[in-house]
Amino acid sequence: MKKQKSVFEVYAHEYDLITNAAQREAYHTREVKSIIERFKPQKVLDAGCATGLTALLFARQGVETVGLDRSRSMIKQAQETRSDTNLSLDFQYGSFERLPKRMYRQFDLVVCLANSISGVANLSDLRKVMINFRAILRSGGHLVLQMLNYSAITADTLMTIKATENDGIVYERFSERKGRSLFVYVSRADFNQTPPKFEVFRHQFDNYTPEQMLRCIKDAGFVKSKKFANLYLDKRFSRKGRDLVITAMAAD
């Protein structure tokens, strides 16, 4: 059976509509400012940049920024909609597991947000990713990683993520945890057609626990790991909370 393409690969041009990018921009700008104020980076890698909103917000604050994504469609969309010659901003195609050596020791900060880390296929690859993140950071640089707290998601129960409607197209996203895996379902209904066109996409991700993530981060050479509940980094992580943000520093 042919593997189904990701909804974000097929509809990369609609990603900002699916995720309400325009509505999120104001508060996400404040989150980015909070990260910059804490770590004061000169150069940042946005790992899993999608269509580039986070990367753009860093660049607008005067930080040299590289956005990286494993989806060519996302990178193409980012280059078309976010690139600005007046900003120090570049978008590149690539995977976390195989970062080029030309990136080594080039960054003060790596951010991997919005559960982008779930695209890493297994625990073995996750270890490689953390080693790579450490390799591209200068000594004293920092990692900021945001992920879903899977332990707070009730098993075998559908959890609504978001429903959006834009110009006659309705997207619904919901998730379900089964054992070690998290399944994310995305439905797309286009009411501009007669009859309406309905599509359903299903994505499966590994269920990494906070303990597994912290162990991989430590083994890769990071120190001073901390857990937060938000990207403002001002709220302590709760095991019942849906989001986990981990910060760590690259050891000398």
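## Backbone exceptions in loops

Helices, of at least four residues in state H or I, and strands, of at least two in state E, are DSSP runs numbered from the N terminus. In this predicted model, Ala50 belongs to the loop that links β1 (43-47) to α4 (53-60). Although Ala50 is not a glycine, its phi is positive, at about 55°, and with a relative accessibility of 10% the residue counts as buried. Asn20 also has a positive phi of about 55° without being a glycine; it is found in the loop between α2 (15-18) and α3 (21-39) and, at 14% relative accessibility, counts as buried.

A further exception concerns the peptide bond from Thr194 to Pro195, which is cis, with omega near -5°. Pro195 sits in the loop that separates β8 (181-190) from β9 (197-206). As background to these cases, most residues other than glycine have a negative phi, and most peptide bonds are trans.

## Strand β11 and its partners

Strand β11 spans residues 243-250, and because seven of its eight residues are buried, it is largely enclosed by the rest of the structure. Its pairing with strand β5 (residues 137-148) is antiparallel and extends over seven bridges, with His142 bridged to Met249 of β11. Strand β10 (residues 222-228) also runs antiparallel to β11, and five bridges join the two; here Phe228 has Val245 of β11 as its bridge partner.

## Nonpolar cores

The largest nonpolar core holds 44 residues, of which Leu45, Phe96, Ile117, Met130, Phe133, Met213 and Phe222 touch the most other members. For Met130, once neighbours within four places in sequence are set aside, the contacts are Ile117, Leu143, Leu145, Met213, Cys216, Ile217, Ala220 and Phe222. Another core, of 18 residues, lies apart from it and includes Ala21, Leu53, Val63 and Val111. In soluble globular proteins, nonpolar side chains tend to be buried together.

## Cysteines without disulfides

Where a disulfide requires two cysteine sulfur atoms within 2.5 Å, the count for this model comes to zero. The sulfur of Cys49 has its closest cysteine sulfur in Cys112, at 11 Å, and this is too far for a bond. Cys112 is likewise in no disulfide, the nearest cysteine sulfur being that of Cys49, 11 Å away. Cys49 counts as buried at 5% relative accessibility, and Cys112 is buried with a relative accessible area of 0%.

Notes. Residues numbered from 1 in each chain as written. Predicted model: local features only at pLDDT ≥ 70, side-chain atom pairs only at ≥ 80, totals over all residues. Heavy atoms only, no water. Core = buried A, V, L, I, M, F, W, Y, C linked by side-chain atoms within 4.5 Å. Buried < 20%, exposed > 50% of the residue type's maximum accessible area, 1.4 Å probe, protein only. Contact = heavy atoms within 4.5 Å. Pairing = 2+ DSSP bridges.
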